[in-house]
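Subject: Structure handover

Dear colleague,

Here is the structure you are taking over. Please open it next to this message and read the notes with it in view.

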Amino acid sequence: MTSENASFVAEDSTLPGSDGGISGHQGRGSVWEVFLVATRLGVTSFGGPIAHLGYFREEYVRKRKWIDEQTYGDLIGLCQFLPGPASSQVGISIGIARAGIFGGFAAWLGFTLPSALALIAFGYGVQHVTNINAGWIHGLLVVAVAVVAQAVLGMARQFCPDRRRQTMAILATLIMLAWPTGPAQVLLIAGAGLVGWRIIPAEAVTPAAPIRVAISRRVGVGCVVAFFALLLGLPLLRAFISSYPLALIASFYRVGALVFGGGHVVLPLLQSSVVDPGWVSDARFVAGYGAAQAVPGPLFTFSAYLGTVAGPSPHGWLGGLLALFAIFLPSFLLVIGVLPLWNRIRSQLSFQSALRGINAAVVGLLLAALYSPVWTTAIREKADFGLAVAAFGLLVYWKLPPWVVVLFGAAGGALIGVVL
């Protein structure tokens with residue numbers, strides 16, 4: 001399976017007999033069918049983005065044969081190029097392939113809703129905990145140290161294989177430690193893309209037989225225009241209209257639009273969006289991040305927890321759903337917008353070089369987040385450090401699922417609270 005085996009060609013109108021999917025699949029399906037299959041995956045898919053792609057391949061490609069291996073590989077390649085959660089974007093694309101654009105929404109809803117509801121419920125629970133430093137909650141903070149450290153290690157190996165990108169990651173870390181703000185992150189990502197475009201070589205993409213996409217170029221261009229209009233327009237509206245729901249949507253939309261690499265990379269941008277304005281305390285932020293490791297589905301559903309607990313006067317489940325919708329909206333707009341244009345985009349070596357620079361910088365962003373707020377919030381004494389080391393060993397060397405390590409951390413934190 002490879003992402004270099006196929007490309008996408010758009011039509012000016014949808015293909016005859018289709019409703020907005022990708023040609024070459026095994027028949028058509030219903031939106032309800034897509035939703036039911038995606039929901040089952042949303043309940044059982046533990047392990048993070050890479051594991052999710054394995055579950056998708058088994059269910060959608062091998063078992064149900066909704067798309068073939070070649071198409072699946074190319075969809076993965078496409079979604080790795082886009083900001084946002086790659087596994088969710090692959091699922092959205094497969095839903096579009098099976099049942100049109102509404103099928104894409106059904107695939108996202110089914111895969112996302114189980115973990116989002118669980119984290120909204122956890123958010124309600126946290127709001128009624130008077131002592132955020134209770135042993136089991138502090139154990140979740142400590143587990144977050146191990147999880148982020150594992151993510152930094154894996155991403156550094158993948159995205160920083162040479163001295164240029166290693167240097168970029170270190171510089172990004174130093175900049176974020178010195179200037180830990182949301183605007184700094186945006187400028188850093190943009191600057192890393194420019195530096196990557198100038199100094200990092202890219203590999204040529206081998207052309208292959210096109211796959212016809214039943215989404216018109218006009219629809220695709222409209223979605224791309226909407227993506228940028230919201231990215232630029234929401235902050236402007238926020239500046240002129242004093243509304244907490246609008247501020248919440250603008251903040252989470254910006255995160256979903258600017259996170260390259262998905263998964264744990266969302267942590268620093270979310271932290272600057274909700275902790276810096278004082279909407280969520282460091283302790284509650286890291287506790288929620290730890291809890292997010294224990295649920296299946298995409299890590300971006302952490303936004304549902306944050307939306308539930310955030311704000312001067314938390315909006316509960318409504319805030320959670322607003323944050324969830326806002327952080328995933330860029331993914332919908334980009335997937336629908338880029339599918340018809342993918343063949344042209346993937347052949348641009350300058351785009352690949354810029355993306356490699358951005359990926360190196362996000363390693364630095366995540367490393368800075370490992371120190372603050374994760375480490376500074378969780379590690380207060382030797383016992384905390386020992387629990388973090390044990391959790392890291394279980395993740396990296398014993399290869400235990402994150403949800404098991406979360407339970408271990410909560411139990412360890414409770415034990416430390418009793419003994420010490």
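Predicted model: local features only at pLDDT ≥ 70, side-chain atom pairs only at ≥ 80, totals over all residues.

Residues are numbered from 1 along each chain as its sequence is written, and side-chain values use heavy atoms, with hydrogens and water left out.

Whole chain

The chain has 17 helices and two strands; helices (H or I, at least four residues) and strands (E, at least two) are DSSP runs, numbered from the N terminus. Of its 420 residues, 55% are buried. Buried means under 20% relative accessible area, exposed over 50%, and partly exposed in between, with a 1.4 Å probe and protein chains only. The chain exposes about 17,500 Å², and carbon and sulfur atoms supply 67% of that area. Accessible areas come from the Shrake-Rupley method with a 1.4 Å probe; for residues, only the protein chains shown count as cover. Taking contacts (heavy atoms within 4.5 Å) between residues at least 6 apart in sequence, 78% join residues at least 24 apart.

Helix α9 (residues 244-258) packs against helix α13 (residues 316-338) at an angle of about 35°, and their axes are 8 Å apart. Axes are lines fitted to C-alpha atoms, for helices over the stretch in contact, and angles run from 0 to 180 degrees between N-to-C directions. The residues of this contact divide into 14 nonpolar, two polar and no charged. Here Ala, Val, Leu, Ile, Met, Phe, Trp, Tyr, Cys and Pro count as nonpolar, Asp, Glu, Lys and Arg as charged, and the others, Gly among them, as polar. On the α9 side, the residues include L248, F252 and Y253; on the α13 side, they include L322, A326 and L333.

Helix α10 (residues 266-274) is mostly covered, with nine of its nine residues buried. Among them are V266, P268, Q271 and V274.

Single residues

S303 is found in helix α12 (residues 302-309). Its relative accessible area is 0%, so S303 is buried. Leaving aside neighbours within four places in sequence, S303 is in contact with F252, G320, A323, L324 and I327.

H52 sits in helix α2 (residues 49-63). H52 counts as buried because its relative accessibility is 1%. What does the side chain of H52 reach at 3.3 Å? That is the backbone oxygen of G297. The backbone oxygen of S45 lies 3.2 Å from a polar atom of the H52 side chain. A polar contact is a pair of N or O atoms within 3.5 Å; within protein, one must be able to donate a hydrogen and the other to accept it, and residues adjacent in sequence count only if both atoms are side-chain atoms. Beyond four places in sequence, the contacts of H52 include F46, S87, F111 and P298. H52 and S87 are 35 residues apart along the chain, and their C-alpha atoms are separated by 6.3 Å.

F385 is in helix α16 (residues 382-396). At 42% relative accessibility, F385 counts as partly exposed. Not counting residues up to four places away in sequence, F385 touches W375 and I379.

Regards
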